[in-house]
Each structure stands twice: as C-alpha cells, then as structure tokens.
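Let me put the structure up and walk you through it.

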Amino acid sequence: MVKNIEMIKFLDLHSINLGYQKEIEDAMLQVYKSGWYIRGEKCEKFEKEFSSYCGTKFCIGVANGLDALILILKAYIVLGKLKKGDEVLVPANTYIATILAIVNNGLKPILIEPNSKSFNMDDIKSFEGKISKNTKAIMPVHLYGQVTDMKLIKEIAEKHNLIVIEDAAQAHGAFGNTKRTGNLGDAAGFSFYPGKNLGALGDGGAVTTNDEKLADMIRVLSNYGSEKKYHNKVQGINSRLDEIQAAILSIKLKGLDAESSGRRRIAKCYSEGIKNPLIQLPLWDESKQNHVFHLYVIRCKKRDTLKKYLFDNGIETVIHYPIPPHKQSAFEDWKHLSYPITESIHDEVLSLPMYSSIENQQIDFIIKMLNEFN
C-alpha cells in the first residue's frame, strides 16, 4: 500500500448516519419510553410516509427484503393467483435472495440473461423461448439502483398475462418515467439493510402495492397468519418491522432524495473522469432519474488485478457478486447450466466507493488511480 494514504472506504455508514444522530437518538428514546416495540405508531407512520413517497396506496413493513419478496409470492398463492410449480421469470445475474424468495414458495425460477451493458433484464431476445404455459409471473430486479426497462416488462406481462413483482431492494426512489420504483408493477419488495440508500440500523423491509386484497393478506401472513390475536386465518410467518427501525427510517426518508442526488453527482464525476479503455463504465442516461447508484459498477477483464491494485493504493472496492446463483452450491442441480453473459458479468464487475459523504479529493484520487491502471 502507498504510504501516507488513508484507506478510502467502500461505504462509510458512520458518516452517513452521523448527520441524523440527534434525531435518531431522540426517536429511539421515544420508542423506549412508549413501551410499544412492534407494529405501533412509528411503524404505521413510516408505512404511510413510504407509500406516499412511492406513490402507492399501501405499504406493509416487514422484517427484511427477502421476507418482502417471499410474502408477496406467498400471498398470491393464498389468494389463488399462483400455485406451487408455477414459473417466475427472473434475471440470472441477481443476488441470490431474489431466487430464494421464489424457491421457498415452491415456485420455479426461470433465469433470463441480462443486458450486458445495463446489467438489467431488458433485452427482448433473452425472453425468447423462456415463456411457457406455466409462466405466471415476472420479477424484474432494479440492479445496482437502475430501473429495469419497465415498458418492455409490462408489454411482455400483458401479452402473457403475467404478474409483475419488482425487486426494488437496491433502487429506493428511482424513477421509471413518472413513477417511482415500488409503483411500477403489481407489487414490490424493498430492503432497508443498513447499507442500502435508505438503510435502517438493523434489518428491515417493506412491500408496496395498490392491490388492497394483496396488502391485507401480506399483513396477515407476516403476523403468523393472524388478523386478530390468537386467531390464525392462514399459515403465516413472523416478519414485522420493529418500532425502532421504523422510527429511524422515517427520519432518513426525509433525506433520501438528497442522498440520491449526491450519489448521482459522484457517478457523474466517475463517468466523466474515468478514461481508461480497459474499464467499461455503467450505462447511464444522465437526463433521467432512473438510477440512484446504490452501486457504481465498472467492468474490467483484469478485475482481480484491478481490485488488488486499488487496495494497494488505499481504495476499498467490493465485488457484487462473485458467483452467480446458478453456480452456487445451494443450487447444485443448476451447475450444468450456461449463462455466458451472466458469467462474464460476475467475472468482471467491481463496485467503486459510493456514498454521498465521500470527499471530492477522494473522488479525484480514485479517478486518477483508475486512469493510471494498466
């Protein structure tokens, strides 16, 4: 490592949360003194605020992002819109949580190759031959914070009568034309894991939808299947957003658009400053607000060499994600499958430091080091 260079963190959650310290401390004390810690006033308040922010009629706070997706699918099964064995179209290069939500409900994931430039499931050719009479839903993932081409997704969904479920875990506040994520399909799952653009100080998640029956069923399913205490209507699970996390999220929601603007500013610096032909920059239309840069992901055929070079020069980076779902030990039955676009993405991607509080001189140094890489 070069001497006298302090390590630039990939993500500095301390600096992000420090700006909310007094409000968060006051809110946590209020919850403590209230004596009510699960599904109380703070959770109800955040649910109303987040549904309003997304532009949907309903929001249900749950324990985490994976549960949000699991509960959406489970509710559709209980409501008779899906059944065990039905197929769900999903990008092959997503984080494994998206896949787990499908298989944990007895549904079958149908992996779709992404667009090699946007990383999203928005290449019409990749859908050819993948849709069958058993295909009942499509789950686009707004990967790295960029909205999938929802016009294309909706055209496919309408043509084949498919339910559209957004995995919006990385794209809080991003716009698909005039609507935000969470309001671009039939339902959406969000994660509030601490590292997300809207992050709690622990686990948390939410479902947004305009479907009242679906919302009611998800609320029941997430509370042991109970509408009334000790009266269990269906077989549910325990997945509830606690009062402390809800209170923190209400506070941080007020700063989410500013956080997104800050991240887009940094992304613009990266995109305009990095000139190294060995590095492929992410596809981004600056005139739109369809990317909130949860991650700024570059590609390089010498990714591992680049990662070590940056670390040796005081720059921390992360690989999202080194192993695609179909190559994971958890899915041994898929090891024979070949998804060349997905596999090349996972072999080449590298996420640069990205958070609104990163300093300009640090950005300049990162760009300088990237341009000097050979």
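Before I start, one term: when I say two residues are in contact, or pack against each other, I mean they have heavy atoms within 4.5 Å. And keep in mind that this is a predicted model.

I'll begin with a helix, since that's where we need that term. Take α5, residues 96–103. Six of its eight residues are buried, so this helix is largely enclosed by the rest of the structure. The buried ones are I96, A97, T98, I99, A101 and I102.

Now α8, residues 243–253. That one is mostly covered too, with 10 of its 11 residues buried. The buried set runs E243, Q245, A246, A247, I248, L249, S250, I251, K252 and L253, and you'll spot E243 and K252 in there, sitting under the 20% cut-off for buried. The cover over α8 includes α1 (13–18), α2 (21–34), α3 (41–54) and α9.

Let me zoom out for a second. The protein has 12 helices and 13 strands. Its radius of gyration is 21 Å, close to the 21 Å that the globule rule gives for 374 residues, so the protein is as compact as a globular protein of that length. Along the principal axes, the C-alpha trace spans about 65 × 55 × 40 Å. Of the 374 residues, 55% are buried. And if you take contacts between residues at least 6 apart in sequence, 70% of them join residues at least 24 apart.

On charges, we've got 48 positive and 45 negative, and their mean positions are 3 Å apart.

In soluble globular proteins, nonpolar side chains tend to be buried together. Here, the largest nonpolar core has 36 residues, and L73, Y76, I165 and I218 are the members that touch the most others in it. Elements giving two or more residues to this core are β1 (58–62), α4, β2, α5, β5 and α7 (212–221). Which element gives the largest share? That's α4, with eight residues.

Have a look at Y76 while we're here. Skipping its neighbours within four places in sequence, Y76 is in contact with K81, L82, I163, I165, D186, A187 and L214. Apart from that core there's another one, of 28 residues, and among them are Y270, I279, L310 and Y355.

You'll find I279 in the loop between α9 (256–273) and β12 (296–299). So, is I279 buried or exposed? Buried, with a relative accessible area of 8%. Leaving out residues up to four places away in sequence, I279 touches I274, I298, R299, L306 and L370. For a sense of distance, go to A169: that's 110 residues from I279 along the chain, and their C-alpha atoms are separated by 27 Å.

Next, an arginine. R303 is in helix α10, residues 303–312. Where does R303 stand on accessibility? Its relative accessible area is 6%, and that counts as buried. Again not counting residues up to four places away, R303 touches I319, H346, D347, E348, V349 and L350.

H320 and Y321 are joined by a cis peptide bond, with omega about 10 degrees. Y321 itself lies in the loop between α10 and α11 (340–348).

Then there are two tyrosines to check for phi. Y144 has phi near 65 degrees, a positive value in a residue other than glycine. It's in the loop between β4 (135–138) and α6 (150–160), and it's buried, with a relative accessible area of 4%.

Y224 has a positive phi as well, about 65 degrees, and it isn't a glycine. Y224 is in the loop between α7 and β10 (226–228). How accessible is Y224? Partly exposed, at a relative accessible area of 43%.

That's my tour, happy to take questions.

Note on methods
Residues are numbered from 1 along each chain as its sequence is written. This is a predicted model: local features need pLDDT of at least 70, side-chain atom pairs count only at pLDDT 80 or more; totals for chains, interfaces and linings use all residues. Side-chain values use heavy atoms; hydrogens and water are left out. The radius of gyration is taken over C-alpha atoms; the globule rule is 2.2 Å times the number of residues to the power 0.38. Buried means under 20% relative accessible area, exposed over 50%, partly exposed in between (1.4 Å probe, protein chains only). Lys and Arg count as positive and Asp and Glu as negative; His and the chain ends are not counted. The place of a charge is taken as NZ of Lys, CZ of Arg, CG of Asp or CD of Glu. A nonpolar core is a set of buried Ala, Val, Leu, Ile, Met, Phe, Trp, Tyr and Cys residues joined through side-chain atoms within 4.5 Å.
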